[in-house]
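I opened this model to look up its sheets, its helix contacts and a few single residues. My entries follow in the order I made them.

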Amino acid sequence: MKEAGAKPRGTRTGFTTGACSAAAARAAAVGLVEGRVPDDIEALLPNGQRVRFAVQDAHCEGAADGRVLSARAVVVKFAGDDPDCTDGAHLTALVQRLPGRAGCIEIAGGEGVGVVTLPGLGLTVGEAAINPVPRASIEANLREAVAGLLERDGLRVIVSVPQGEEMARKTHNARLGILGGISILGTTGIVKPYSTAAWRASVVQGIQVAATLGRETGRPVVVLTTGGRTEQFAMREYEQLPPTCFVQMGDFLRYALDEAVAQGIAIVVIAGMVGKLTKIAQGESITHANRAEVDTALLAELARSIGAAEVDCADIAASPTARFAAERMAERGLHLAFHQALAERTVHTLCDPETGRYAGRFALQVLVCDFDGQKICEARSQAHDGNLAAQPLAALPGTDDDED
């Protein structure tokens, strides 16, 4: 990767395995058309940014008529200051021409890319662990870069990662039912240093800014999100709030909430999806995948509380993912009730008058969205003492969110 300028260690962002795979695939596809894979390639990230990546180990293979039938390109992942076991991984794309199959793009996994063996990941059992956003990114880059080729032929992309199986041993992939390698991940294309002191400091700083604004405007509120997708969801829900009220806390729940208390913020909103909310509900203060596992027994308990069949509760308890529980409850028509129970348990864990670490410190609202960023439900802590913190968010000065 070519960086525009050096940044202090602890603050450098990197690129996801999905972004690197898409860049490698784009470079290889250009090689099919031009007969030579370029030394670097500008690729489109899922978040709309364009980034230039260095390309290594390029190779083209042709046919007797002079056409290039397949091309290979490698992009080496740079993870920035995130302590990621895939930093330095060689994301390799082999792109093959599919003669006569105009417009068709097939994406498969090769060496070092895991295979999905259990449900609950949003991927089909038996297919490569290449998540939906990276798949869409690979396809978008190919359709943009070699549109003319696709008018005549199709393309098959095989993503591989040498040493990927060894890297996967440092992750929870096997526990999640992803065997044989790493996952190709990323919803924005950018890796932020969520696991560093610098990122924790940025969360604290963001809350301090929100608190300052709240004191000036009479809106003492901060909206905490677990990532870009949940932030976009929360911003749609509360579009009347200025952007400074929204803080991506990542996995650092405790740092965020402790700072909200220190700053005297009256209302805290947490927006999340089933996985992170489960970890919060079970009492985890750091929700990173390497720090805490999902308590599927808790999810089974919640399912049981809304009337789910015992066989479903047993399957949920035995599954390694929260997503499995959400999907099973959706199949049974209990989707809304399940997420409502989870939201209420999250509020209880944080704000219960007897056991909650943050009881009486602020009014809490939990917003739940699905994997497409659409709202499912919400839950709120009980009002207390007539304080401003007891007011619903919609009632704060300058807001008119009547539908929430």
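**Entry 1: the sheet that holds β4**

I started with an open sheet of 5 strands, ordered β4-β5-β6-β9-β7, with mixed pairing. β4 (56–62) and β7 (105–109) are its edge strands, and each pairs on one side only. From one strand to the next the twist averages 15°.

My ground rules come next. This is a predicted model, numbered from 1 along each chain as its sequence is written, and local features need pLDDT of at least 70, side-chain atom pairs count only at pLDDT 80 or more, while totals for chains, interfaces and linings use all residues. Side-chain values use heavy atoms, with hydrogens and water left out.

Helices (H or I, at least four residues) and strands (E, at least two) are DSSP runs, numbered from the N terminus. Two strands pair if DSSP finds at least two bridges between them.

Strand β5 (residues 68–76) and strand β6 (residues 90–98) run antiparallel and are joined by 7 bridges. Ser 70 stands opposite Gln 96 in β6.

Helix α2 (residues 132–145) lies across β7 and β9 (154–160), and runs at about 135° to β7. Such angles run from 0 to 180 degrees between N-to-C directions, with axes fitted to C-alpha atoms, for helices over the stretch in contact. Contact means heavy atoms within 4.5 Å.

**Entry 2: the β2–β3 hairpin**

β2 and β3 form a hairpin with 5 residues between them. Gly 48 in the turn has a positive phi of about 95°. β2 pairs with strand β3 (residues 50–54) in the antiparallel sense, over 5 bridges. Asp 40 has Ala 54 as its bridge partner in β3.

Which residues of β2 form the covered face? I found Ile 41 and Ala 43 there, with Asp 40, Glu 42 and Leu 44 on the uncovered face of this strand (residues 40–44). In a regular strand the side chains alternate between the two faces of the sheet.

**Entry 3: the sheet that holds β12**

Here 5 strands form an open sheet in the order β13-β12-β14-β15-β16, and the pairing is mixed. β13 (246–248) and β16 (375–380) each have a single partner strand, so one side of each edge strand lacks a neighbour in the sheet. Neighbouring strands are turned by 20° against each other on average, direction ignored.

Strand β12 (residues 221–225) and strand β14 (residues 267–272) run parallel, with 5 bridges between them. Thr 225 has Ala 271 as its bridge partner in β14. Helix α6 (residues 228–237) packs on the sheet and touches β12, β13, β14, β15 (363–369) and β16. The direction of α6 makes about 170° with that of β13.

How do α8 and α12 cross: left-handed or right-handed? The crossing is left-handed (the near helix is turned anticlockwise from the far one by less than a right angle; clockwise would be right-handed). The axes of helix α8 (residues 274–281) and helix α12 (residues 335–351) come within 8 Å and cross at roughly 40°. The two are therefore oblique to each other (under 35 degrees is roughly parallel, over 145 roughly antiparallel, 65 to 115 roughly perpendicular, the rest oblique). Residues in the contact include Leu 277 and Ile 280 of α8, and Phe 338 and Leu 342 of α12.

α8 also meets helix α11 (residues 322–331), where the axes come within 8 Å and cross at roughly 110°. That makes α8 roughly perpendicular to α11. This crossing is right-handed. Val 274, Gly 275 and Thr 278 of α8 make the contact with Ala 322, Arg 323 and Ala 326 of α11.

**Entry 4: two residues and the whole chain**

Is Thr 296 buried or exposed? Thr 296 is buried, at 9% relative accessible area (buried is under 20%, exposed over 50%, partly exposed in between, with a 1.4 Å probe and protein chains only). Thr 296 is found in helix α9 (residues 296–305). Leaving out residues up to four places away in sequence, Thr 296 touches Ile 316, Ala 317, Ser 319, Pro 320 and Thr 321.

Arg 200 lies in helix α5 (residues 197–217). Arg 200 counts as partly exposed, at 24% relative accessibility. The C-alpha atoms of Arg 200 and Asp 251 are separated by 9.1 Å, with the residues 51 apart along the chain.

Last, the totals. The protein chain has 12 helices and 16 strands. Buried residues make up 50% of its 404 residues.
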